[in-house]
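Open the structure in your viewer and keep the selection tool at hand. This tour tells you what to pick next and what to look for there.

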Amino acid sequence: MSVEIDITGLPHERILFNPSPLAELGAMLHVLAEPGHHPGLHGWATATASGLRPDLADRLTEADFLWRSARSDLLLPAVPRATLAEELDDLDRMDDEKFVAAAFEVTCSSERPEPSPLVDAGQRVRVRELSAARGPRQAQFTDRMLEDPPALRAWLRRLLEDCEEAFFADNWQRVRVQLSTDARHKADLLRRKGLAEAMAAVSTAVSLRAGGTRIVLDKLQNGRATAHGDGLTFIPTAFGWPHLIVLNRPGWQPMVQYPVATPELPKGTALQLVQHRMEALAHPVRMRLCRTLARGPHTTSELATVFGLTPPEVSRHIAVMKKAGLLTTRRRGRYVLHQLDLPVVARLGSDFLETVLR
């Protein structure tokens, strides 16, 4: 599974790296709504949430489905600006049907409502039913959006502006230099060493394939986007790890929001490798072998004797675990000793969680 961005014929000059105030605010709001996704930011989330005015906290709760489980495309500008106000101005220029469709994709379901519920009575009934199933807050938001889109949009802009005053401005001032530096570094890599090097620097989950015509993002979902005339934008975030977010809505310029790498953050593990490791450990015989291999190094013959298996049977199980990177192997004379790689196995839980959150 992966998300692919077709860049056939796209000049490298149209692949841009830029920080975005609105995208970073969206990442911060997600951390406040789901601090469990971001254990390294628990302190920040607790301090920021406790400092919010009660009325602002209540309004954030009304709209938190726009950034809680999935990030609304409205918060992911493909053309970043220097200030939050400029990016909100761009949102104001978006027509109501496009704005409402993006909001309802998160509010109601993963399916894009077509035709627009603003012009189709049947769609209005459908999105109201879907939003009611998500709870009263989303149902109320949907009703307000359908009945008076300009008023709801003005309410949402005011909410984001109040967030800027309450906590975003200070935090943006703190991280924007780091994000700008990272963006310049990636752009310089693209210019000097090529797109493959730049993509590898973005994330271990991003690669260039199909002869340089596809950018592939290793995620637990399938998706496709095309970046031709409008280009492609990569937006760094200091609050986004472990999420790697792709805007791949048809008709919208694609963008990728990627977490800035820091020494304390682990490098991402490939989805296929996590799957192989979990499958390798799930076999009952290999689980029993792990118990012995966790306690010290053993040869294939020793394991065969202990478990009543033939050496070829043990060798096959050992080969599966070695391919999954679960064992360390060393030679002592004519003996080959295998041992469980405890740090790798210990990380498997966090690797799995990081993969499903990516």
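The axes are lines fitted to C-alpha atoms, for helices over the stretch in contact, and the angles run from 0 to 180 degrees between N-to-C directions.

This is a predicted model, where local features need pLDDT of at least 70 and side-chain atom pairs count only at pLDDT 80 or more, while totals for chains, interfaces and linings use all residues. Residues are numbered from 1 along each chain as its sequence is written, and side-chain values use heavy atoms, leaving out hydrogens and water.

**Whole view.** Show the protein as a cartoon. It has 14 helices and 10 strands. These are DSSP runs, numbered from the N terminus (helices: H or I, at least four residues; strands: E, at least two). The C-alpha atoms fill a box of roughly 75 × 50 × 40 Å along the principal axes. Of the 358 residues, 49% count as buried (under 20% relative accessible area, with a 1.4 Å probe and protein chains only).

**Stop one: H10 and H11.** Select residues 271-282 for H10. The axes of H10 and H11 come within 5 Å and cross at roughly 90°. H10 and H11 are therefore roughly perpendicular. Now show side chains. Glu-279, Ala-280, Leu-281 and Ala-282 of H10 meet Pro-284, Arg-286, Met-287 and Cys-290 of H11. Contact here means heavy atoms within 4.5 Å. The contact residues divide into 6 nonpolar, no polar and 2 charged. Ala, Val, Leu, Ile, Met, Phe, Trp, Tyr, Cys and Pro count as nonpolar, Asp, Glu, Lys and Arg as charged, and the others, Gly among them, as polar.

**Stop two: H11 and H13.** On the H11 side, look for Val-285, Arg-286, Leu-289, Cys-290 and Leu-293. On the H13 side, find His-317, Ile-318, Val-320 and Met-321. This contact has 7 nonpolar residues, 1 polar and 1 charged.

**Stop three: the strands.** Select S1 (residues 3-6) and S4 (residues 214-217). S1 and S4 pair antiparallel over 4 bridges; pairing takes at least two bridges found by DSSP. Asp-6 stands opposite Arg-214. Finish at the hairpin of S3 and S4, with 4 residues between the strands. In its turn, Ala-210 has a positive phi of about 55°.

Conventions: Angles under 35 degrees count as roughly parallel, over 145 as roughly antiparallel, 65 to 115 as roughly perpendicular and the rest as oblique. Buried means under 20% relative accessible area, exposed over 50%, partly exposed in between (1.4 Å probe, protein chains only).
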